[in-house]
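Please go through the strands of this model and how they pair.

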Amino acid sequence: MKHSAWLALLRCPGLGPRRQRLLLEQQESAEACFGVRHPDLPAVSQEWLRRDPEDCLTDADRQWLANAEQDLCTWFDDDYPPLLREIADPPMALFLRGQRARLRDPLFAIVGSRNPTPVGNATARAFAEELGKNGLVIVSGLAIGIDAAAHQGALHSGTIGVLGTGTDLIYPRENLDLARAILPTGLIISEQPPGTRVHRGLFPRRNRLISGLCLGTLVVEAAENSGSLITARLAMEQGREVFAIPGSIHSPLARGPHRLIRDGAKLVETAQDILEELGPLFAASQSATVRELRQPEDETERQVWAALGQETLSSEEIASRCGLTLPALSSILLHMEIQGYIASCPGGRFCRLPNTN
């Protein structure tokens, strides 16, 4: 059955994400991990990997595999989200329901309180609708409140709901109809295998996916110690842009955005503020799939170009990949930016630019 080995590997006891990645890099496929000796792994993992993958599956796995609506995006797939590859602990696979092509779109997160004001709800919906009209696919956590409002505002343009449960168990159940409405134009994803139920510890991991998938994150309303602020701080750690909408000094739900603004988040009043701030990073990601990329002729610049690929990298990362010193690379990057081959992006990073001719 398609993806059986992946599901069996992801369930392997004693094998966390780090060991999964090392094992997959050695074996180059999930299937190749089974039926061979792994003396460096814990005994319980070795025993599991000596089995046939089909014998490792749960009933929930078999139901998932039999459902044509379900899909799996693995680390080895070309459409694995490039921004997600850059975070500290990327998942080896994403479980999908809906329109897989959304993974290739420029993504932007909107998060906030589960108990927002009517104004907060309306604001999240309006920002999602406007950003969607301008080419961004809105990502949120499918929770009640601001998350739901953001998804609702982006239903026509496309939106992605990131779950802390398995994709076969929508949580909260109040948003089951919303989840169904997302599927025709959008996507529901999770790193958790089928049958995974609600567990408090899974939501911080879900939050790192929301921020890690996206060019930036907008916080609409949030209390000072809310999960939305965790998502925003993860975005900052991942080198992504963070935006916050200010509110009344008398509102507890304004304290979270105000704290973020004090810590360096961008204060925004309109969706255009976000589009202008994302600048060339959004322009490149929006059009790279439909416009031919013009490559430089200089051999060293072509080396830098190849190192960038479809990612956004810091000068240190580019220098390491190319074997160049930072002073030498600095002048090369400047020349390539002047020539229109690359653009400087938020967080001191660089990306390719599409041909505008």
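Q: Which strands and helix make the right-handed β-α-β unit that includes helix α8?
A: The model is predicted, so local features need pLDDT of at least 70 and side-chain atom pairs pLDDT 80 or more, while totals for chains, interfaces and linings use all residues. Residues are numbered from 1 along each chain as its sequence is written, and side-chain values use heavy atoms, without hydrogens and water. Helices (DSSP H or I, at least four residues) and strands (E, at least two) are numbered from the N terminus; right-handed means that, with the strands pointing away from the viewer, the path from the first strand over the helix to the second runs clockwise. The unit is made of β5, helix α8 (residues 176–182) and β6.

Q: Which residue of β6 is the bridge partner of V162?
A: Strands pair if DSSP finds at least two bridges between them. β5 and β6 (residues 187–190) run parallel, joined by three bridges. The partner of V162 is I189.

Q: Which residue in β5 is the bridge partner of V139?
A: β4 (residues 137–140) pairs with β5 in the parallel sense over three bridges. The partner of V139 is I160.

Q: How many bridges join β11 to β12?
A: Strand β11 (residues 342–345) and β12 run antiparallel. S344 stands opposite F350 in β12. The number of bridges is four.
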